[in-house]
Amino acid sequence: MDCDEARQLLDAYADGELDLTRQLEMEAHLAGCPACKEEAERIASFSLLLRTNMELYKAPRNLKSKIRSTLRKEAEPAWLFANARPLAYAFAALVLGFALAWTWLTFYQNKDQELVTEAISNHARSLMVSHLVDCRSGDQQTVKPWFNGKVDYSPPVVDLTPAGYTLVGGRVDILEKRPVAVVVYQRGKQVINLFIWPATRRKVDLDVQSERGYQFCGWNQAGLNYLCISEISGDELEKFEDQLREHVSL
Amino acid sequence: MGEERRRFEETFLPYLDAAYNLARWIVQHDQDAQDVVQETYLRAFKGYHGFRGGNGRAWLLTIVRNTAYNWLNRHAADEKLVPYEEEKHAEIVSFNESTKEIVSEKVKEHLQSALGRLPTEFREIIILYEIEGLSYKELALALGVPPGTVMSRLSRARRRLQQEFAQVRSSEAANGL
């Protein structure tokens, strides 16, 4: 080993990182080369100086607790916190959506409920005080013009006799604080009150249901709301609705 | 998950000072070093599955080093990252004092500023070898270079540090006059 080669390896020698063969070669060289030996000692002593006098930076006190809390957060279930912000937004939107839907539903269900209750009272009263019709006629050509001037719209009056529903006549009643046209039909001995009014404020859409022994259903068609109430069975009321809708749409 | 976290903390939090010291020497700023160390622990925890035992200190410091370099790359190019060319900077200022002669209150301070004047790649190898006691093999892994490079880089780093140290001391002496 010559000096050039030795100088390349002196640090590794001083650090004890040479393989055995090289180390032996180096020791042989140093034994005969004071200059290299001195350099090797300088390296070792500087290394010692460094190790004993090097001032180390100490981590600030709160760093450990900061790291701990970071790790704790990281260790939480990933699906819950990895996308916490978008999830929170989604959740908030969902809650708001539910709240709105709930408000809307309860509001309109209440409205429907009020409407139905009122219509049923009207229906019951119309039967009790034998004030069923103001215009008694089985002729649609008579009943329909009768409504002119009494309400500000023209309710369809159709002849459903072939289907088994006899036209009894017409009446004006009050529903939701406004006068509405009522077309009265009869099936056997049972009376059907058909309330008709413009669907300006909202559209009625009620499947056949029962309340206080009465069946009722409602729908809207061509800008008018229809609500019919009777003691006939739900099936028969449904048929009545189908017939009526068919005739109105003609 | 909580148990894994506790095990991780038990293994690696004892190296916090070492991690901070290395980060501090690489990025050379307290708050930045803290950020680097925090990120390091987070990355280490995420990669904990990849840790197969062995020298946890070397493993963690490798991550510190990589994180710190990422940090340097993100935050404006550090001119000190430009490889140091010894030939161009060759100055024959050698370290000629023996250990005994230079025992003084100022040694620590001078070493500190001498180390601060080194290029980053020299600073880190000095810290990792002299202070943290990584072996050449561990250094090669940590720095991502062949063992031969470790040997020559450490050698050059020491020579340069000696030069800077001597310079700091001589300029101090000159000012003192």
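In the predicted model, H1(A) passes H2(A) in a left-handed crossing, a term that applies if the near helix is turned anticlockwise from the far one by less than a right angle, clockwise being right-handed. Helices (H or I, at least four residues) and strands (E, at least two) are DSSP runs numbered from the N terminus. The axes of helix H1 (residues 3-14) of chain A and helix H2 (residues 20-31) of chain A come within 11 Å and cross at roughly 115°. H1(A) is therefore roughly perpendicular to H2(A), the class that covers angles of 65 to 115 degrees. Axes are lines fitted to C-alpha atoms, for helices over the stretch in contact, with angles from 0 to 180 degrees between N-to-C directions.

At this crossing, Ala6(A), Leu9(A) and Tyr13(A) of H1(A) meet Arg22(A), Gln23(A), Met26(A) and His29(A) of H2(A); residues are in contact if their C-beta atoms, placed from the backbone, lie within 7 Å. By class, four nonpolar, two polar and one charged residues make up the contact of H1(A) with H2(A). Ala, Val, Leu, Ile, Met, Phe, Trp, Tyr, Cys and Pro count as nonpolar, Asp, Glu, Lys and Arg as charged, and the others, Gly among them, as polar.

Between the chains, 30 residues of chain A are in contact with 31 residues of chain B. On the side of chain B that touches chain A, H3(B) supplies the largest share, six residues. That side has 15 nonpolar, nine polar and seven charged residues.

The largest nonpolar core has 62 residues, of which Ala19(B), Leu22(B), Ala23(B), Val37(B), Leu60(B) and Val64(B) touch the most other members. Such a core is a set of buried Ala, Val, Leu, Ile, Met, Phe, Trp, Tyr and Cys residues joined through C-beta atoms within 7 Å. H2(B) gives the most to this core, nine residues. Apart from it lies another core, of 34 residues, including Leu167(A) and Leu227(A).

Phe216(A) lies in strand E6 (residues 214-221) of chain A. Phe216(A) counts as buried because it has 24 C-beta neighbours inside 10 Å, the cut-off being 20 or more other C-beta atoms within 10 Å. Leaving aside neighbours within four places in sequence, the contacts of Phe216(A) include Val116(A), Ile120(A), Leu206(A) and Leu227(A).

Residues are numbered from 1 along each chain as its sequence is written, and chains are lettered from A and ligands numbered from 1 in the order in which they are written. In this predicted model, local features need pLDDT of at least 70 and side-chain atom pairs count only at pLDDT 80 or more, whereas totals for chains, interfaces and linings use all residues.

Key:
Two residues are in contact if their C-beta atoms, placed from the backbone, lie within 7 Å. Angles under 35 degrees count as roughly parallel, over 145 as roughly antiparallel, 65 to 115 as roughly perpendicular and the rest as oblique. A residue is buried if 20 or more other C-beta atoms lie within 10 Å of its own, exposed if 12 or fewer, and partly exposed in between; C-beta atoms are placed from the backbone.
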